[in-house]
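Please consult the sequence and structure while following each solution.

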Amino acid sequence: MSNYLDLLTPQNSQLLFIDQQPQMAFGVQSMDRQTLKNNVVALAKAAKVFKVPTTITTVETESFSGHTYPELLAVLPQHKILERTSMNSWDERNVRDALAAIGRKKVVVSGLWTEVCNLMFALDAMREGKYEIYMVADASGGTSVDAHKYAMDRMVQAGVVPMTWQQVLLEWQRDWARKDTYDATIGVVQEHSGAYGMGVDYAYTLVHKAPERVKHGERIGPAK
């Protein structure tokens, strides 16, 4: 367990997206699906900011699951997409080879469904590949609240570390003195972090008098 005491850094971790595809999302009942997609895209943007190696895997794209979210692909347009037939990504040699080629044992995972594709990959990758799995719970979804919860419980019992996408982002940033990624990290927060992002916009513009992020038309009024 000592390895899990190490904080995630951009240098010691890699990211895996499992089956972020529409037909898989249609079955998600554990959380709001638009929120799920927001969180997935935010996690992808975080990986891009910190240049964290990322693998995208899909299942039965043409026959069942549909194409990966375009919003996700727009963040990582040059990435190869590793297609497979098995529900378990670990069964696919191309996936195993891609993870091994990156050479980092800490694997941050976001996928659908939590109780099937995520769980089977996590357990096999830990046992056979000796990987350390960090499961992004709010960028993954199950077919019911219970399905997601008990899958997460089972994985945690096996040694998987549960996380949220924002936790991953801020752990990679770690220190606001790291100015090379500061602005980009704040940009992800502003776009995807709900009230936190709104608060940043408010503080920047009204407290610190920074310009608004978006140019807009002339403000008119009030009329007396």
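Two exercises on this predicted model follow, each with a worked solution.

**Exercise 1.** Determine the strand order of the open sheet, and explain why one side of S3 and of S6 is left without a neighbour in the sheet.

*Solution.* 
1. The sheet is open and contains six strands, paired in parallel in the order S3-S2-S1-S4-S5-S6.
2. S3 and strand S6 (161-163) stand at the edges with a single partner strand each, so one side of each lacks a neighbour in the sheet.
3. From one strand to the next, the twist averages 25 degrees.
4. The partner of S3 (residues 81-84) is S2 (residues 54-59), which runs parallel to S3 and is joined to it by four bridges. Among them, Ile56 has Ile81 as its bridge partner, and Thr57 has Leu82.
5. Helix H2 (residues 33-49) packs on the sheet and touches S1, S2, S4 and S5; the direction of H2 makes about 150 degrees with that of S1.
6. In S3 itself, Leu82 and Arg84 form the covered face, while Ile81 and Glu83 form the uncovered one.

**Exercise 2.** Describe how helix H8 packs against helix H9.

*Solution.* 
1. The axes of H8 (residues 165-173) and H9 (residues 179-192) lie 11 Å apart, at an angle of about 165 degrees.
2. Angles over 145 degrees count as roughly antiparallel, so H8 is roughly antiparallel to H9.
3. The crossing of H8 past H9 is left-handed.

Methods: Residues numbered from 1 in each chain as written. Predicted model: local features only at pLDDT ≥ 70, side-chain atom pairs only at ≥ 80, totals over all residues. Heavy atoms only, no water. Buried < 20%, exposed > 50% of the residue type's maximum accessible area, 1.4 Å probe, protein only. Helix = DSSP H or I, 4+ residues; strand = E, 2+ residues; numbered from the N terminus. Pairing = 2+ DSSP bridges. Axes fitted to C-alpha atoms, helices over the stretch in contact; angles between N-to-C directions. Contact = heavy atoms within 4.5 Å. Parallel < 35°, antiparallel > 145°, perpendicular 65-115°, else oblique. Left-handed = near helix turned anticlockwise from the far one by under 90°.
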